Amino acid sequence: MIRDAGQDDFGDAERRSGTVPVPIDELLPADSPRLSGEDSAHTRALAETNAILPPILVHRPTMRVIDGMHRLWAAKRRKLDKIEAQFFEGTPEEAFVLAVESNIGRGLPLSLADREAAAARVIASYPQWSDRAIASRTGLAARTVSVIRMSSTAGNEQLNARVGLDGRVRPLNCVAGRLRASEVIAAQPDASLRTVAREAGISVGTARDVRQRLSRGESPIPAGLRPAGTTNMPAPAQRPDPPVKKVADGGNEADLLLQWQKLAKDPSLRFTETGRALLRWLSFQAILPDELDRLMDAVPGHGMESVRRLALRCAGTWQRFADELEERGRASA
């Protein structure tokens with residue numbers, strides 16, 4: 001199995017065997033990240049040294065060298081029949097990543113061009129890995145990996161999430177994660193921040209921000225994270241009124257905002273469990289026009305009918321809720 005982006009190096013004790021002498025004739029050339037191939041001067045220097053060289057690393061399923069081609073060439077120069085090696089069990093893709101990692105900071109380091117080409121290949125093999133996770137394995141900056149991803153055909157894959165350095169899966173679209181967090185908080189008001197973060201695929205800090213925003217009656221999505229131009233989008237095409245009692249606007253946006261702010265500060269609501277639940281549900285439903293346009297654009301074509309029916313159900317439920325409040329108000333007048 002491929003390791004997660006946050007696990008230990010591929011070369012851990014369970015993936016490598018001990019050092020053994022291997023006949024040189026049985027070894028195949030490396031699937032090397034070096035674009036220019038052998039550096040003859042480096043090979044000659046290794047062949048002439050009296051120092052004991054580290055064992056090479058070999059991919060056992062293919063007998064292809066992962067790390068140590070210059071040491072292998074040096075052994076051939078010295079007319080040796082065998083060379084000390086460690087074996088690695090894994091996929092060819094894992095072996096390539098290990099080859100890159102093994103040549104970043106020791107031996108003859110990879111050039112910038114080598115590392116950039118390697119990053120493009122790693123992106124193609126593991127598009128779900130985050131830019132930082134790939135950068136840590138290729139000796140590049142995360143920003144450089146991001147640029148390579150955007151220019152790579154693999155970067156065009158529409159992934160919903162990536163695996164970070166810590167091994168956690170996080171959504172690429174933080175808006176989607178925040179919306180999911182608001183749903184989790186509504187369904188589980190007493191859930192811990194860690195639970196919300198885990199189920200929404202976001203950080204604990206983001207989960208805390210979403211909860212605080214909801215408690216203040218604000219949208220879980222900060223204005224700066226909303227897609228550019230959302231407020232200027234054309235209104236959706238007019239459709240016939242659904243077969244339920246039409247919900248009244250309840251006032252203009254400014255009036256509604258003031259009403260909401262007053263309710264959010266009301267101690268009788270803020271300091272009771274049911275009151276806080278009511279505030280949360282109202283915050284979810286009091287969607288401004290620009291939010292509604294954005295959410296409408298998120299509905300996939302194959303899901304329009306399902307979303308429409310659920311929206312009608314929600315509208316009917318809230319209409320009955322509003323009617324009951326109106327009746328109670330008249331009764332107490």
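The following is a dialogue on how terms are applied to one predicted protein model.

Mentor: This is a predicted model, in which local features need pLDDT of at least 70 and side-chain atom pairs count only at pLDDT 80 or more, while totals for chains, interfaces and linings use all residues. Residues are numbered from 1 along each chain as its sequence is written, and side-chain values use heavy atoms, with hydrogens and water left out.

Trainee: How many helices and strands does the protein chain have, and what makes a stretch count as one?

Mentor: The protein chain has 14 helices and 6 strands.

Trainee: Why is Ala85 called buried?

Mentor: Buried means under 20% relative accessible area, exposed over 50%, and partly exposed in between, with a 1.4 Å probe and protein chains only. Ala85 has a relative accessible area of 0%, so Ala85 is buried. Ala85 is found in strand 4. Contact means heavy atoms within 4.5 Å, and Ala85 touches Gly18, Thr19, Val20, Val22, Pro55, Ile56 and Val58, leaving aside residues up to four places away in sequence.

Trainee: Does Arg71 count as buried or exposed, and why?

Mentor: Arg71 has 15% relative accessibility and therefore counts as buried. Arg71 sits in helix 2, residues 69-77. With residues up to four places away in sequence not counted, Arg71 touches Leu46, Leu53, Pro54, Pro55, Ile56 and Ile83.

Trainee: Why is Lys79 put in its accessibility class?

Mentor: Lys79 has 71% relative accessibility, so Lys79 counts as exposed. Lys79 lies in the loop between helix 2 and strand 4 (82-88).

Trainee: What makes the phi of Lys79 worth a remark?

Mentor: Phi of Lys79 is near 60°, a positive value in a residue other than glycine. Most residues other than glycine have a negative phi. Met63 also has a positive phi, near 60°, and Met63 is in the loop between strand 2 (56-59) and strand 3 (64-67).

Trainee: What makes a set of residues a nonpolar core, and how many residues has the largest one?

Mentor: A nonpolar core is a set of buried Ala, Val, Leu, Ile, Met, Phe, Trp, Tyr and Cys residues joined through side-chain atoms within 4.5 Å. The largest has 16 residues, and Val122, Trp129, Ile134 and Val145 have the most contacts inside it. Two or more residues each come from helix 3 (92-102), helix 4 (112-125), helix 5 (131-138) and helix 6 (142-151). Helix 4 gives the largest share, 4 residues. Apart from this core lies another, of 14 residues, including Ile24, Leu27, Ile56 and Phe87.

Trainee: How are helix 5 and helix 6 placed relative to each other, and how do you know?

Mentor: Helix 5 and helix 6 pack at an angle of about 110°, and their axes are 8 Å apart. Axes are lines fitted to C-alpha atoms, for helices over the stretch in contact, and angles run from 0 to 180 degrees between N-to-C directions. Under 35 degrees counts as roughly parallel, over 145 as roughly antiparallel, 65 to 115 as roughly perpendicular and the rest as oblique. Helix 5 and helix 6 are therefore roughly perpendicular to each other.

Trainee: Which residues of helix 5 and helix 6 meet?

Mentor: In helix 5, Asp131, Arg132, Ile134, Ala135 and Thr138 meet Ala142, Val145, Ser146 and Arg149 of helix 6.
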